[in-house]
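Hi everyone, thanks for coming.

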Amino acid sequence: MPSSRINSVPKSTDLSPTAGVRAGMSVEDIKQSFLDNLFCAIGRAPMAATRNDAYLALALTIRDRVFRQGVQTMEAYSEQDTRAVCYLSAEFLPGPHLANNLLNLGIMEQTRQAMSELGLNLDHLIEQEDEPGLGNGGLGRLASCYLDSMATLEVPATGYGIRYEFGIFDQVIKDGWQVEVTDKWLRNGNPWEIARPELSCNVKFGGHTETWTDEKGRYRVRWVPNSVVKGIAYDTPIPGYHVGNCNRLRLWKAEAVESFDFAAFNHGDYYRAVEDKMVSENITKVLYPNDEAIQGKTLRLQQQFFFVSCSLQDMIRIHLLLERPLEKFHEKWAIQLNDTHPAISVAELMRLLVDEHLMDWDAAWHVTQNTFSYTNHTLLPEALEKWSVGLFGRLLPRHLEIIQEINHRFLKAARIKYLGDDARIARLSLFDESGERYVRMANLATVGSHRVNGVARLHSQLLKETILRDFAELWPEKFINVTNGVTPRRFMVLSNPRLAQLITSHIGDDWIRDLNHLRQLEPLADDTAFQDQWRQVKLAAKFGLAAIIEQRTGIKVNPGSLFDIQVKRLHEYKRQHLNVLHILTLYLRLRRDPRADVPARTFIFGAKAAPGYFMAKLIIKLINSLANLVNNDPVVAGRIKVVFFPDFNVKNAQHIYPAANLSEQISTAGMEASGTGNMKFSLNGALTIGTLDGANVEIREEVGVENFFLFGLDAGQVRELKTRGYRPRDYYEQNEPLREALDFLVSGALADGDTKLFRPLVDNLLWQDPFLVLADYQSYIDCQEQVSALWSDPKAWTRKAILNTARMSKFSSDRSIHDYCEQVWKTTPVRVKSRQKTIVLNENGQPTAA
């Protein structure tokens with residue numbers, strides 16, 4: 001049965017689409033274009049249209065307008081001699097497109113009215129959209145924030161990545177355990193993308209190399225592969241906010257060069273007839289295949305090289321199409337490597353320039369180094385990618401030779417500077433030769449780039465002091481900091497429309513493009529009437545989240561309680577288990593003394609654990625077991641509740657961030673590169689409890705130390721404690737509440753009498769505790785007491801919440817992109833003049849040109 005009906009529909013024979021209608025921004029134009037798409041693109045009569053049909057028709061309607069801007073933008077960019085940014089990332093988490101595009105085009109209300117006149121609810125259609133799960137967490141979401149900001153700031157840019165058929169898994173909780181379900185985000189089609197089969201690229205794998213001297217006496221190398229895969233481009237438009245610019249996200253899908261072997265089929269070998277198709281398409285099937293086995297490692301390296309090679313070939317194609325010499329490639333293109341996943345591009349650009357386009361090695365290296373810049377996202381040595389030389393050579397034999405040559409030339413110069421310092425030379429090498437030989441991708445990215453940046457001031461400093469210290473001492477001018485940022489369009493205006501409206505009603509809407517205007521809220525922090533409005537906005541968001549929680553989990557929560565939220569990827573260094581120990585401490589206190597002064601609090605978790613990460617999945621089980629115990633205990637009823645919100649993603653995050661009172665940013669100091677969830681929470685008026693880790697340091701400085709709940713060891717103290725010899729069991733033996741909580745975990749009370757279920761977690765904390773949970777426990781508990789005390793004073797809490805939002809301008813992704821443009825890319829904006837009028841609704845609800 002159809003779930004939506006569309007009113008006031010003319011006969012299909014009366015439809016006469018025109019270019020004006022397809023680009024118009026008025027209510028009538030949107031209605032007509034919607035009906036045209038429903039009839040002509042979806043092939044549905046209104047009476048038979050499902051909600052998904054209506055969503056697709058509306059998405060195509062908005063896509064028409066966005067791509068019109070996209071075509072105009074590409075024309076303008078090709079006419080300008082400015083440098084274009086290419087953002088290479090293995091992950092993108094754009095979130096749903098429909099609402100974001102409506103906002104950026106400035107036609108949200110016109111579209112709402114158009115749909116209403118057709119008997120449709122715009123919010124229902126927005127909710128219908130599947131989220132592209134093309135990333136694992138912060139890395140992919142950051143990339144998407146940056147694409148939004150580059151378009152808004154009118155920076156010529158393209159995002160390059162992989163069109164995964166199946167994205168990050170959907171998370172289902174069964175008996176408290178995480179269960180991974182295939183993310184079939186393309187099952188209903190993707191109306192936002194356009195396939196570009198004519199822009200295919202051939203990508204080679206395996207085989208061997210051959211050398212010869214050509215007729216001009218030049219040394220030449222030919223790569224003879226044993227397989228070739230075809231990459232097909234899929235373009236998604238990324239419009240800027242209220243500007244004419246629309247950049248693109250170009251994702252690559254792998255296909256077989258010949259998808260069907262007719263001869264094999266005729267001989268009855270049906271498997272071999274489609275074998276190439278299956279093997280080729282596997283490359284872009286799944287985001288981050290499990291790489292514990294050699295097959296998984298091979299596939300992951302194939303993925304990385306595949307999208308890098310396609311992207312570089314695409315840039316060179318455009319460069320030559322514009323009739324520009326390749327010797328000046330770096331003057332036209334600035335390529336940003338988002339972590340080490342695309343680092344192989346350093347070797348691939350050298351191969352393309354030297355082998356395919358016959359450029360001299362030194363000239364090619366000059367172009368390469370001045371084209372690339374590298375963003376590091378981790379301080380964990382085990383997270384820095386390395387590939388075994390054996391695997392690398394089998395899959396990419398020519399690139400191994402090129403990296404060996406880069407390394408030879410680089411170390412030859414380094415040995416002159418560091419004469420006799422063999423240990424330093426070994427650390428600088430692009431190869432780890434301490435045991436089995438590995439290619440070090442972070443070293444390759446650093447050597448092949450002209451800029452290397454961390455993503456928070458502390459992270460950038462630690463980067464220079466730890467994992468890339470030798471490179472920072474060799475090239476201090478190469479290293480800079482660009483603190484991460486988030487887009488206020490998605491994470492305030494879209495996610496928290498009531499707060500956006502409240503702010504705009506007092507200071508205007510210029511803050512949406514320039515967060516510095518939020519400073520105008522500071523005088524209102526002590527205004528009683530504004531405080532009351534602020535609390536009502538927050539309470540409405542909490543009611544909304546409470547309804548979703550009940551729908552998804554069956555748990556009823558009190559919107560009047562303190563919403564204490566920790567949502568992020570599940571990893572031990574992020575210390576969700578420290579949060580659990582605090583909840584357990586409160587629970588046991590209330591069990592002993594039900595009259596204890598513990599303000600009502602709802603603890604909300606959201607996190608996905610990597611499928612092969614046992615300890616992370618055990619922590620998810622622990623959170624759910626604790627929730628089951630606490631939520632069903634009449635002694636603590638109404639005092640504390642625990643919720644695990646399943647399947648945390650961008651779409652769900654938009655409900656969560658606005659509802660938070662307290663943001664948990666409690667990672668071990670020196671472990672988190674930056675974090676961006678901390679920024680999203682603070683922008684939406686949550687107070688932060690956190691360590692001096694990542695961007696927390698800068699957030700605390702900006703919002704004011706008195707408006708941030710600080711606890712725990714700092715990065716220097718962490719290093720000192722570990723150097724001195726950390727004995728976690730000492731903390732257990734000397735702290736009675738901690739001992740009581742840990743003993744409770746293995747008492748069986750959380751596992752139907754099973755005393756062994758959580759023993760691995762407790763043993764890890766008692767005997768290793770690599771992330772100093774026990775060392776920071778008491779400081780965390782004491783700090784949480786300060787949280788409870790402040791929560792009891794609503795006016796004081798609200799004042800601090802307002803100041804948090806007012807002082808967060810530094811953490812806009814617009815500022816980050818401005819920093820990249822100034823310090824790294826050396827590019828300038830190109831303004832695209834829109835050829836259509838922007839339509840707004842006047843006070844009577846009628847469309848008017850603006």
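I'll go through the cavities and their linings.

A quick word on the basis: this is a predicted model, where local features need pLDDT of at least 70 and side-chain atom pairs count only at pLDDT 80 or more, while totals for chains, interfaces and linings use all residues. Residues are numbered from 1 along each chain as its sequence is written, and side-chain values use heavy atoms, with hydrogens and water left out.

So, how many cavities of 30 Å³ or more does the structure hold? There are six. By cavity I mean a set of points, on a 1 Å grid over the protein atoms alone, where a 1.4 Å probe fits but cannot get out; volume is the space filled by probe spheres set on the points, which are joined across faces, edges and corners.

The largest cavity contains about 140 Å³ of space. Its lining (residues with an atom within 4 Å of a point) comprises 15 residues, with P94, N100, S144, I238 and R490 nearest the centre. Two or more lining residues come from each of α4 (98–105), α7 (138–152) and β8 (227–239), and α7 gives the most, four. Helices here are DSSP runs of H or I, at least four residues, and strands are runs of E, at least two, numbered from the N terminus.

On to the second largest cavity, at about 100 Å³. Thirteen residues line this one, and Y55, E129, D130, G189 and P191 are closest to its centre. Helix α3 (residues 51–79) supplies the largest share of that lining, three residues.

How values were computed:
On a 1 Å grid over the protein atoms alone, a cavity is a set of points where a 1.4 Å probe fits but cannot get out, and a pocket is an open set with protein on both sides within 12 Å along at least five of seven lines; lining residues have an atom within 4 Å of a point.
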